[in-house]
Amino acid sequence: MPADLDSAQSEASAALAAAGTLDALDAWKSAWIGGSGRLKTIMAGLKDVPKDQKPAFGKRLNELKAALEAAYDARRAEVEATAGPRGPVIDVTEPGAPLAEGRRHVLSRTIDEIIDVFGRMGFTLAEGPEVEDEWHNFTALNIPESHPARDATDNFYMGEQGGVKRLLRTQTSTVQIRAMETRPLPIKVVATGRVYRPDTHDATHYSMFHQIEGLYVDRGVTMADLKTTLVQFAKAYFGAEAEVRMRPSFFPFTEPSAEVDMKMRIRGEWKWVELGGCGMVDPNVLRAVNVDPEEWTGFAFGLGIERIAMRRYGISDIRWLFENDARFLRQF
Ligand code: FA5
């Protein structure tokens with residue numbers, strides 16, 4: 001009989017040595033020293049052992065039990081030290097299947113990059129709400145009651161609140177007004193954000209898009225400062241060879257006003273691309289926010305961010321930016 005105990009001990013020891021994970025150790029424990037394990041079965045056999053051999057067998061059995069329990073504790077400590085308490089150790093330096101990595105949307109990255117360039121030129125960030133009132137979207141921007149820009153067909157009106165008509169802002173120029181209403185002069189800010197227009201979707205138009213607005217109001221600001229700022233931006237963002245062209249235009253809130261074109265390389269070819277509008281802040285706008293136009297002058301510009309991203313990344317259809325097709329977005 002003791003011989004059986006010896007072979008049971010060596011069998012148990014071999015199985016314990018082979019148990020290399022916490023799960024395997026649990027299985028070993030219940031197979032050998034658990035409530036209905038092998039040791040219990042062997043103990044139950046004690047009653048069949050001849051009477052004269054019982055004390056020796058009983059003693060050996062107790063030794064075996066103590067030895068297996070001690071061996072289990074030691075092995076468990078060993079496995080925990082290498083596998084950790086929760087599972088096997090994974091060698092993270094081993095090559096494995098690459099994880100599908102997420103990334104920021106190309107528009108979010110473009111916005112950050114643009115803000116970064118203007119930040120280096122000393123512009124701080126300003127913001128305003130997307131649901132605006134007529135004062136900030138039109139009136140203070142020198143757009144009279146009768147102006148066609150206020151037509152219901154050109155705007156997303158949201159109903160009235162407290163007698164004030166609300167609408168989704170059609171341009172970030174609203175933030176010019178908000179900045180001048182709340183900040184001390186001089187002001188040098190940029191604002192980015194969503195704007196909304198009921199435009200028909202095509203390759204270059206969407207009903208929701210993003211603009212970046214710039215506003216600099218100080219004593220003695222001139223058109224030359226405006227052009228220098230836009231040129232610096234174009235060269236920093238599109239490359240040292242980029243150029244800026246201003247074509248005479250009209251906006252109610254700037255005088256004089258201009259369209260901003262930037263010359264950039266698109267698929268190896270240099271092209272002029274219209275990005276937005278700009279001009280010197282109209283004295284009527286300054287007066288609307290109690291800034292004396294005799295003392296202060298300012299420039300403002302507003303550029304379409306989708307157009308910038310499309311040019312920079314060679315995207316030929318604005319709709320792709322909003323379809324959220326991972327196969328498209330993954331390319332940037
Ligand atoms: C404006 O929105 C003026 N607020 C710009 C401005 C600011 C002028 C400050 C003077 C001073 P405009 O409507 O042209 O201007 O729009 C500016 C740019 O927004 C366009 O050049 C274009 O890049 C972009 N844009 C306009 N409509 C859409 C559209 N439906 N989808 C995508 N981008 C558009």
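Biologist: Which residues does phenylalanine 301 touch, and what does contact mean here?
Modeller: Leaving aside residues up to four places away in sequence, phenylalanine 301 touches Phe118, Val190, Ile212, Glu213, Gly214, Leu226, Thr229, Leu230, Gly277 and Cys278, where contact means heavy atoms within 4.5 Å. This is a predicted model, in which local features need pLDDT of at least 70 and side-chain atom pairs count only at pLDDT 80 or more, whereas totals for chains, interfaces and linings use all residues. Residues are numbered from 1 along each chain as its sequence is written, and side-chain values use heavy atoms, with hydrogens and water left out.

Biologist: What makes a set of residues a nonpolar core, and which residues have the most contacts inside the largest one?
Modeller: A nonpolar core is a set of buried Ala, Val, Leu, Ile, Met, Phe, Trp, Tyr and Cys residues joined through side-chain atoms within 4.5 Å, and buried means under 20% relative accessible area, against over 50% for exposed and the range in between for partly exposed (1.4 Å probe, protein chains only). The largest such core has 44 residues, and Phe118, Phe233, Phe238, Met262, Phe301 and Leu303 have the most contacts inside it. At least two residues of this core come from each of helix 5 (106-120), strand 6 (208-218), helix 8, strand 8 (254-266), strand 9 (269-281), strand 10 (297-304), helix 10 and helix 12 (326-329); helices (H or I, at least four residues) and strands (E, at least two) are DSSP runs, numbered from the N terminus. Helix 5 gives the largest share, seven residues. Another core, of 23 residues, lies apart from this one and includes Leu141, Ala179, Phe253 and Leu286.

Biologist: Why are helix 8 and helix 10 called oblique to each other?
Modeller: The axes of helix 8 (residues 223-238) and helix 10 (residues 305-313) come within 12 Å and cross at roughly 40 degrees; axes are lines fitted to C-alpha atoms, for helices over the stretch in contact, and angles run from 0 to 180 degrees between N-to-C directions. Angles under 35 degrees count as roughly parallel, over 145 as roughly antiparallel, 65 to 115 as roughly perpendicular and the rest as oblique, and the two helices are therefore oblique. Phe233, Tyr237 and Phe238 of helix 8 meet Ile308, Arg311 and Arg312 of helix 10 in this contact.

Biologist: How do you know that strand 5 is largely enclosed, and what are its pairings with strand 1 and strand 6?
Modeller: Seven of the ten residues of strand 5 (residues 187-196) are buried, so the rest of the structure largely encloses this strand. Two strands pair if DSSP finds at least two bridges between them; strand 1 (residues 124-125) is joined to strand 5 by two bridges and runs parallel to it, while strand 5 and strand 6 are antiparallel over ten bridges. Leucine 125 stands opposite valine 190 in strand 5, and tyrosine 196 has methionine 208 in strand 6 as its bridge partner.

Biologist: What is the order of the strands in the sheet, and why is one side of strand 1 and of strand 7 left without a neighbour?
Modeller: The order is 1-5-6-10-9-8-7 in an open sheet of seven strands with mixed pairing. Strand 1 and strand 7 (243-251) stand at the edges with a single partner strand each, so one side of each has no neighbour in the sheet. Helix 5 lies across strand 1, strand 5, strand 6 and strand 10, at about 10 degrees to strand 6, and helix 8 lies across strand 7, strand 8, strand 9 and strand 10, at about 35 degrees to strand 10.

Biologist: Why does alanine 71 count as partly exposed, and why does asparagine 290 count as exposed?
Modeller: Alanine 71, in helix 4 (residues 54-83), has 31% relative accessibility and therefore counts as partly exposed. Asparagine 290 has 74% and therefore counts as exposed; its place is the loop between helix 9 (283-288) and strand 10, and its phi is near 60 degrees, a positive value in a residue other than glycine.

Biologist: Where is the peptide bond that joins leucine 185 to a proline, and what is its omega?
Modeller: The bond joins leucine 185 and proline 186 and is cis, with omega about -5 degrees, and proline 186 lies in the loop between helix 7 (174-182) and strand 5. The bond from glutamate 255 to proline 256 is also cis, with omega near -5 degrees, and proline 256 is in strand 8.
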